[in-house]
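Subject: A structure to look at, with notes

Dear colleague,

Please keep the sequence and the 3D view open while you read.

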Amino acid sequence: MKRTACIMDLKNIARRRVPKMFFDYVDGAAWTESTKNLNVEALNDIKFKQRVAIDVSDRSAETNLIGSSFRLPLAMAPVGLTGVIWPNGEIITMKACEEFGIPYCLSTVSITSLESLAKAASKKFWFQLYVIRDRDFVKQLIQRAEAVGVETLVLTLDLPLSGQRNRDIHNGLSAPPKPTIFNVIDILRRPAWCYEMLHFRNFNFGNLKGHVKNLENGKSLAEWTNEQYDPSLNWQDVKWIRDLWKGKLILKGILSTEDAETAIEVGADAIVVSNHGGRQLDGAPATIQVLPDISSKIAGRCEILIDGGFTSGQDVFRALALGANGILMGRALIYGLGAGGQAGVQKALGFIAHELETTMGLCGVNSVSEIGPHNLYSKPVVR
């Protein structure tokens, strides 16, 4: 990784190192992947207003998110199956985030369990919750999170059923992976990955194993998801979870002002403006396109986080300028993980920090609080 300069360099290394089915699980999106691509295109359409002859020698990207101070206005987004990208992938990604000074969020469908991650953690981490049909088990997950010291729960609302992800269908992604000829050949072509994973051999969902039926029957991931996740999920369920959970509550999957308003009404401490990275409703707008409208309606009433297509510190600056308090990144940091484990995640975070602080300087600002619409030439418009 010595000659890497940006997240895309790490992505290219990860693509070569990680088996195709697992790389595509992270990198892919729904149907034509038009929303995933739009996320990136819409960010690139936003142009910075360069400023000169301003003292920017004392720049800092430090900020507060959900009541805590962090080195960057950035959090690790929850990413399922991280442990198949690199052995103990959740744990080493969490450690990289801890050392860098940003929060890590563990997915419900992680390979490492809540309890195992907590044993390895030296700081508080977030937990992302999916609502499945078995509400008793949902309650157990919440209690388990509380028992290991989690203070911030991220409730994902935009996956009551799985969007069709064509790459996963083509690759035959299943839980656990099926030993097909294609899969075996693809894995054997990645000797470094095979060597690292040889003594690990854990491809099960740590938080769900032993609790959820049909977890190890080799069904496709989409089939399993549609069996377990609950399309009846509604705001009354969110209120029920709000009553159960005494810590900070973040609601993820908000794309409209109406849902943002309701999120505040049910007691959310923050929302994540999110289209699930384009992995659910293909044809939805880019998150950066709807951010200004949502921010104009609810800014100051709850914190606003955003994800979707963010791969650089410049993207972070764009979101801050349009009203976000912080950004969640998933794919960008997983590319680093796939490229080089914990060192790769740290390198990815280093790229993002350098890009953000450089952009701040060239736009004439010294702190995150100074960033606003005045730093851009125009606001994005929904196409």
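A polar contact is a pair of N or O atoms within 3.5 Å, where, within protein, one atom must be able to donate a hydrogen and the other to accept it. With that in mind, you can look at the start of helix H11, where a side-chain oxygen of Asn234 reaches to within 2.8 Å of the backbone nitrogen of Gln236. Please bear in mind throughout that this is a predicted model.

Staying with H11, which covers residues 235-244, you will find that its buried residues are Asp237, Val238, Ile241 and Arg242. Seen down the axis of H11, these buried residues fall within an arc of 145 degrees, so they line one face of the helix. The face of H11 turned away from that buried side carries the exposed residues Gln236 and Asp243. As for what covers the buried residues of H11, the list includes strand S5 (126-129), helix H6, strand S6 (152-156) and strand S7 (248-254).

Next come the charged pairs. Side chains of opposite charge can pair when their charged atoms come close. The structure holds 16 salt bridges, and three of them are described here, beginning with the one between Asp27 and Lys11, whose closest N and O atoms are 3.4 Å apart. This pair links distant parts of the chain, with Asp27 in helix H2 (residues 20-27) and Lys11 in helix H1 (residues 7-17), 16 residues apart. Asp27 and Lys11 are both buried.

Arg167 forms a salt bridge with Asp24, and here the closest N and O atoms are 3.0 Å apart. In this case Arg167 belongs to helix H7 (residues 166-171) and Asp24 to helix H2, so that the link joins distant parts of the chain, 143 residues apart. Arg167 is buried, as is Asp24.

The side chains of Arg144 and Glu115 also meet in a salt bridge, at 2.8 Å from N to O. Arg144 lies in helix H6 (residues 135-147) and Glu115 in helix H5 (residues 114-120), distant parts of the chain that are 29 residues apart. Arg144 counts as buried because its relative accessibility is 16%, whereas Glu115, at 28% relative accessibility, counts as partly exposed. Salt bridges that share partners join Lys11, Lys20, Asp24, Asp27, Glu33, Lys36 and Arg167 into one network.

Glu33 is found in the loop between H2 and helix H3 (34-44), and it counts as buried because its relative accessibility is 11%, which is under the 20% cut-off. The side chain of Glu33 makes a polar contact with the side chain of Arg167, at 2.9 Å. Leaving aside neighbours within four places in sequence, Glu33 is in contact with Gly28, Arg167 and Asp282.

H15 bends by about 140 degrees at Gly340. The helix is mostly covered, with 23 of its 32 residues buried. After H15 comes Gly364, whose phi is positive, near 80 degrees.

With best wishes

Notes: Residues numbered from 1 in each chain as written. Predicted model: local features only at pLDDT ≥ 70, side-chain atom pairs only at ≥ 80, totals over all residues. Heavy atoms only, no water. Bend = angle between axes of the 7 residues up to and from the residue. Helix = DSSP H or I, 4+ residues; strand = E, 2+ residues; numbered from the N terminus. Buried < 20%, exposed > 50% of the residue type's maximum accessible area, 1.4 Å probe, protein only. Salt bridge = Lys/Arg side-chain N within 4 Å of Asp/Glu carboxyl O. Arc of directions from axis to C-beta. Contact = heavy atoms within 4.5 Å.
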